[in-house]
Amino acid sequence: MPKTHRVSPFDDPSRLIERDLTALAREGKIPVAYGVDSVVGEIEALLSQGGKHPHLVGDLGVGKTALVQEIARRVIDGRAPRALSSWRIVEVALSSISSRATNEKQSNELLEALLDSLAEPKGSHTLVFLRDLELVGGNLFASVLLSSLRAGNHRFLLESDAATANALRSTTPALAEHIHVLHVEEPSEDAMRLLLSRVSHDLETESLRVDESAGTMALRLTTKFLLAQRHPRKSVELLREAAAQVTALAGRFVGGDEVMRRFCEATRLPKLLVDDRVPLDLAALEKHFADRILGQQDAVSAVLRSVALLKAGLNDPRRPLGVFLFAGPTGVGKTHLAKLLAEYLFGSADRMVRVNMSDYPDDGDETVLFGSPWGHGRDARRGELTRLLDGKAFAVLLLDEFEKAGKSCHDRFLQLFDEGKFINALGETVPCSNVLIAATSNAGAEVYREPPLGFSPDRSAEELLAEVERRISALFRPELLNRFDAVCHFHPLGRVEIRKIALREVGRVLERDGIRARSLDVDIEPDVIDVLVEKGYSPIFGARYLQREIEKTLTSALAVEITRQPLPPGTHVRVLARGHGRVAALADPATGVTPTEPVVMPTVGAEVAHRRRDARGLVDDAMKLGARAADITRAAELEALSARRTEMLAETQAPTFWDDPPRAAATLRAYRALDAQVAELAKLGACCAAALHRARGALTDPSVLVAAARAVELAAREVQLAEARVATGTLATVDEVLVEITGSGSDAPQREWVDTLVRMYLGWAERRGYEASAIAESHDPHCVVLRVSGPGVYGFLAAERGTHRRTTDRRAPSTDPGTDAARIAASVRVHRADGEGPALLGIVAQPVKRKAGAFVPRIASSALARSESTGHVLRLEGSGDPDDLRDVAARLLAGRGQSLDESRRYHTGRAALVEDPRTGERTPRVKDVLRGEIDSFIAAWIARMLGDRIDPANSSKSDRF
């Protein structure tokens, strides 16, 4: 069989051309560059005159390539100077040529062959736009490029950053004689506003409107957070990505919220930090961290102040997000706090980059971190720190055991701490302005274990802290300490904190696979916790010593008993103290009177079972709920779905993702649905796991029995809702609905009641992790339309259809026209928002002058609709474009025939109560319901609707309460 001839770049040198910019401009594939007339004119003048070749120098993202593309556009449009009117502009990447060659000699030959081919035929004019100039040096490309410049056979347009330009001048000075440097600066803020306004106009189509708020939001977010990148690229790309995403999802409006959503998806920053409309409760945040970092309130408060600065936009953009020295004994939470910060600020503990500074104790070791100028290979010159931070624009950098690094290593961190960047040995500037830096140190920790001298009394906390600070000052030089925003002192843990940690760690032991897989009911007596605290308390070694003691004492005892004999599922294992610090585990049913708590568990049908459960009973209930949840997730193939979601997320982050809009649209729609489905299933498992954890906690701490009972009730409702979705075949669906809330009048009390119900449904959606917003409203009577999307949302909110009445007097019949119950009422209708809408005539929609609505944040269009069959007239104002509002109005009119039976009564007087007359479900917690806790009513309604569709025999078989 003859061998296939492999095509070589030498056979066709034109294959080495990255892009023919004039050809792309002729096809209309090059966007317009705004605000560049003066710079483009200067480049065109240099090219027309001959002589030196323009070299565009500037940071990545300031628009150097856009200038060259604009020149190509003007050549094709006939707006270029006469001397350039027939020129062809091609882009050549030296990195691409180098990757096709096996050595330097072949790289030079390839470039020479390409330039020779571009010079033919004689008299042709080709402008070579050359990139990747950092590769030029020594024997690579320099001789070929210099020879071509001297011969004058080509006109070149070069591009690089300032560091590369400086390196070229020093290493290849002959090139500088033929080059004219043009510095390209980042546009001003005013210029960016004008540029983004024009880009927004270009992005608009007949089916897509881009609001001016989109450009404003893109500029604000990128300026505030993407400090390491440059305008205009960062803000223009964000705006274009948001528009492409909306188009892919068949949307028609791009505003500030759409840009913010795309930004949060791309950076994984929490909306709490990004959205100024979401308040930051610093006290609640401190409590959240303090519950996880016990006994270190001062350190937590100091670090979270940097979070407040970032939220307010008052942090110094020239420095890292924060630079802290965590000082204190081992095992008190220094590393754990850094992990929590990575999870909270950046969405994952993977965003923490950890460097063990004890690996760099000697002078000269800093070259390993920051790169060695004489290192072999690119990686050695870039350094370990550059490698670790690559691709992590937002991260927590943990410099562990910082005091053990050499002094010269400390010196190299001065620039990083002060300027939020460093320069490695390759000459690259590595930005760290979006990095929070935490250096940990045990310096001064010996103070806490040193006994007082002579007959001196024990030193006070203030005296100990002063001595620690003195020793830290003796170890670190003043110029280094001055770079830290704060020195956060972590104190030795006391017995109270150790006991809390012991309870938490014991709970984690009970969640391990060896116990969960066997479905064992482990009961740990309080005396065991006392033993663990007594043996595991060490002011010197902190919580790590306690963890080792738990493994040695508790976990070993459980392992001995579990492996001694086969234990059937549900076996009760008691762990008790035997004296002399010994702990034993016995597989033996417990006896005796234990405290109980009433729980309300859903059953098949609309009825509920009222039971009293002790801690052991709650554990049994939670285990059964966990098994049912596992059946649901197993049937849904959660692991496969999660793996597929990870793959699709990687696809959406690829630079070429938006190059194929139809494929991107399909991928994005599938990813959103898949992500929502995985999140719902994960939430179900997490809810059951939390209930089991709480119930097991009640075995050792009776004070949490009430909380455990509520957690089991919540898990039971979630399982019931999920099983209802399985029974109706909607487990894999993600719905989008319109919730129409209309008051029975137009007076102030009616408007207040409508507003209350709006907040109730928005609160419910937020609790479930669904997307929800007010999109339209009308008056006389008051009416608000919400758009809600999420897994199973249509089936859930179908329970809300009907009349919702508010009264302050439970004794007055709701039908009495003179009562408050008859007057304060609102109807709730639920309409599908996905799929093809009804084709109704007689709907007139048009844009209006933007204004703030009573319920909708910004009104942009209005619609007047009339149904010929029913005579209903509907006037709406909404946030979308007229086509969106026309579709909403059509769906609302088509659903006017929905039944409006009474679905809920809200008694807000002395005898507060919320009740559903259809199912009998009721609760006295009116305020909680109006905050969105309506799942119990939804579950009761679904259970009643399903009726016999859930097999009673199967229910009893699985002991469904």
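**Packing and local geometry in the predicted chain**

Of the 961 residues in the chain, 49% are buried (buried means under 20% relative accessible area, exposed over 50% and partly exposed in between, with a 1.4 Å probe and protein chains only). The model is a predicted one, in which local features need pLDDT of at least 70 and side-chain atom pairs count only at pLDDT 80 or more, while totals for chains, interfaces and linings use all residues. Residues are numbered from 1 along each chain as its sequence is written, and side-chain values use heavy atoms, with hydrogens and water left out. The chain contains 37 helices and 31 strands (DSSP runs numbered from the N terminus, helices being H or I of at least four residues and strands E of at least two). Among contacts in the chain with a separation of 6 or more, 71% are between residues 24 or more positions apart (contact means heavy atoms within 4.5 Å).

Two packed helices are described by the angle between their axes and the distance between the axes. Helix 27 (residues 615–635) packs with helix 29 (residues 661–700) at an angle of about 165°, and their axes are 8 Å apart (axes are lines fitted to C-alpha atoms, for helices over the stretch in contact, and angles run from 0 to 180 degrees between N-to-C directions). This angle makes helix 27 roughly antiparallel to helix 29 (angles under 35 degrees count as roughly parallel, over 145 as roughly antiparallel, 65 to 115 as roughly perpendicular and the rest as oblique). On the helix 27 side, the residues making the contact include Leu618, Val619, Ala622 and Met623, and on the helix 29 side they include Leu684, Cys688, Ala691 and Leu692. Sorted by class, this contact of helix 27 with helix 29 has 16 nonpolar, two polar and two charged residues (Ala, Val, Leu, Ile, Met, Phe, Trp, Tyr, Cys and Pro count as nonpolar, Asp, Glu, Lys and Arg as charged, and the others, Gly among them, as polar).

Asn108, Leu111, Glu112 and Leu115 of helix 5 meet Ser143, Val144 and Ser148 of helix 6, a contact with three nonpolar, three polar and one charged residues. Ser148, in helix 6, is buried, with a relative accessible area of 8%. Leaving aside neighbours within four places in sequence, Ser148 is in contact with Leu115, Asn153, His154 and Phe156.

The structure holds 14 aromatic pairs (rings of Phe, Tyr and Trp, the last by its six-membered ring, pair if their centres lie within 6.5 Å; planes under 30 degrees apart count as stacked, over 60 as edge-to-face and the rest as tilted). The ring centres of Phe346 and Phe394 are 5.9 Å apart and their planes lie at 45°, so this pair is tilted. The pair links distant parts of the chain, with Phe346 in helix 16 (residues 334–346) and Phe394, 48 residues apart from it, in the loop between helix 19 (384–389) and strand 11 (395–400). Phe346 counts as buried at 1% relative accessibility, and Phe394 counts as buried at 4%. Phe402 and Phe413 form an edge-to-face pair, 5.7 Å centre to centre with 75° between the planes. Phe402 is in the loop between strand 11 and helix 20 (407–419), and Phe413 is in helix 20; both Phe402 and Phe413 are buried. Together with Phe370, Phe417, Phe422, Phe476 and Phe484, these two residues form one aromatic cluster.

Some backbone details also deserve a look. A cis peptide bond, with omega about 10°, joins His231 and Pro232, and Pro232 lies in the loop between helix 10 (212–225) and helix 11 (233–248). Asp132, in the loop between strand 4 (126–131) and helix 6, is a residue other than glycine with a positive phi, near 60°. Glu401 is not a glycine either, yet has a positive phi of about 50°; Glu401 lies in the loop between strand 11 and helix 20.

Finally, Leu586 in strand 18 (residues 582–587) counts as partly exposed at 30% relative accessibility. Not counting residues up to four places away in sequence, Leu586 touches Glu561, His572, Val573, Arg574, Leu576 and Arg578.
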